[in-house]
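Here is a short briefing on one protein chain. Look through the sequence and the model first, then read the points by topic.

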Amino acid sequence: MTNKLICSFVLGFFLSTLFGAFLVPFLRRIKAGQAIREDGPTWHMSKAGTPTMGGIMFIAAVAVVCLTVGFSLMLQGEYIHIFVLIFAMIFGLIGFLDDSVKLRKKQNLGLTAKMKFLLQLIVAVIFVFLLWVFGYISYDVYLPFWNITFHLPPVVYFILAAFVIVGTVNSVNLTDGVDGLATGTSLPVMLFYVAVAFYWGDRYLGLGLFASGLLGALLGFLLYNFNPAKVFMGDTGSLFLGGAICALAFAYDMPLILIPLGIVFIIETLSDIIQVTYFKLTHGKRVFKMAPFHHHLEMGGWTGKKWKEKELFVLFTGVSFVFAIISFIGVYGRW
């Protein structure tokens, strides 16, 4: 198992780095530049024109890892890593459509919110249903830290699953607002999934291969995405990443682990919800200088300190890493 996990990581990193060497110049050549929000921090306007859809490089890399390192598992009839890959790629496709509309219209708005929500909801329900049909999950919900499991009625489980998946995917998408931020905060999450597979044994090797491959691929992508970013992952990458994170949680049959594991994404989402709700209730007042939360810190909210992008990267990645450790402690005694 150890050798396969290491091989997946190394191959993911190498391929993502290699693909980036060709993809970034290609995106520049076809003028696939990102439009920047006009209501955002003014200094972000200098990023206008930076190539987007760079997430293609780590998507392609982890796909190759699954089909090569994971090929022996497929010969044995084990396809869970392929299920996770396809699920995440479908979300990536939704993001690709969104990015394509933005590029065509030369603006920061792509597909309508209703359209994206509907597509994501359909994909989420189908994925959970297939996992159940193939016996990868049950309607039992595992509660980390307490190490207990309780049963839910099928309808309730599917509603919970759809809510968690769509929420997680969009939370990761919200976090992708500063150079390297979504990438950095996702690295400890993937490391957690690799550690769980290693500790729980061969039964979870397929999931470990996917997580290890994506961990390496994200590190390769970070070479291009770290501040100052040469390329953005775009919705193509962020929706794939969100899909991968929640797909792994369900494939491991422990969706509630996303609460501590995805704490950074939850904070980002809550800040956005609080901002919009308070703004409407008070007819224009704000809790944060700007939502989501990373923009609030970037603009000197509360303390007056204006966090630089590299500082935000270190802060958010560090918090994500700490909670990845806490999450591992929470599932340590499951098997």
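**The loop between helix 12 and helix 13**

Trp302 sits in the loop that links helix 12 to helix 13. The model is predicted: local features need pLDDT of at least 70, side-chain atom pairs count only at pLDDT 80 or more, and totals for chains, interfaces and linings use all residues. Residues are numbered from 1 along each chain as its sequence is written, and side-chain values use heavy atoms, with hydrogens and water left out.

- Helices (H or I, at least four residues) and strands (E, at least two) are DSSP runs, numbered from the N terminus.
- Trp302 is not a glycine, yet its phi is positive, near 70°.
- Trp302 counts as exposed because its relative accessibility is 63%. The cut-offs are under 20% relative accessible area for buried, over 50% for exposed, and partly exposed in between (1.4 Å probe, protein chains only).
- Gly300 lies in the loop between helix 12 (293-298) and helix 13 (309-331).
- Gly300 counts as buried because its relative accessibility is 6%.
- Leaving out residues up to four places away in sequence, Gly300 touches Lys289, Lys305 and Lys306. Contact means heavy atoms within 4.5 Å.
- Gly300 and Met290 are ten residues apart in sequence. Their C-alpha atoms are 9.9 Å apart in space.

**The strand hairpin**

- Strand 1 (residues 140-143) pairs with strand 2 (residues 148-151). The sense is antiparallel, over four bridges. Two strands pair if DSSP finds at least two bridges between them.
- The two strands form a hairpin, with four residues between them.
- Tyr142 has Thr149 in strand 2 as its bridge partner.
- Leu143 stands opposite Ile148 in strand 2.
- Phe145 lies in the loop between strand 1 and strand 2.
- Phe145 is not a glycine, but its phi is positive at about 75°.
- Phe145 is partly exposed, because its relative accessible area is 43%.

**Cis peptide bonds**

- Most residues other than glycine have a negative phi, and most peptide bonds are trans.
- The bond from Asn227 to Pro228 is cis, with omega near -5°.
- Pro228 is in the loop between helix 8 (205-225) and helix 9 (234-251).
- The bond from Ala291 to Pro292 is also cis, with omega near 0°.
- Pro292 is in the loop between helix 11 (263-281) and helix 12.

**The whole chain**

- The protein chain has 13 helices and two strands.
- What radius of gyration does the protein chain have? The value is 19 Å, which agrees with the radius near 20 Å that a compact globule of 335 residues would have. The radius is taken over C-alpha atoms, and the globule rule is 2.2 Å times the number of residues to the power 0.38.
- The C-alpha atoms fill a box of roughly 55 × 45 × 35 Å along the principal axes.
- Of the 335 residues, 54% count as buried.
- Among contacts with a separation of 6 or more, 74% come from residues 24 or more positions apart.
- The accessible surface is about 15100 Å², and 72% of that belongs to carbon and sulfur atoms. Areas come from the Shrake-Rupley method with a 1.4 Å probe; for residues, only the protein chains shown count as cover.
- There are 23 positive and 16 negative side chains. Lys and Arg count as positive and Asp and Glu as negative; His and the chain ends are not counted.
- The centres of the two charge sets lie 7 Å apart. Each charge is placed at NZ of Lys, CZ of Arg, CG of Asp or CD of Glu.
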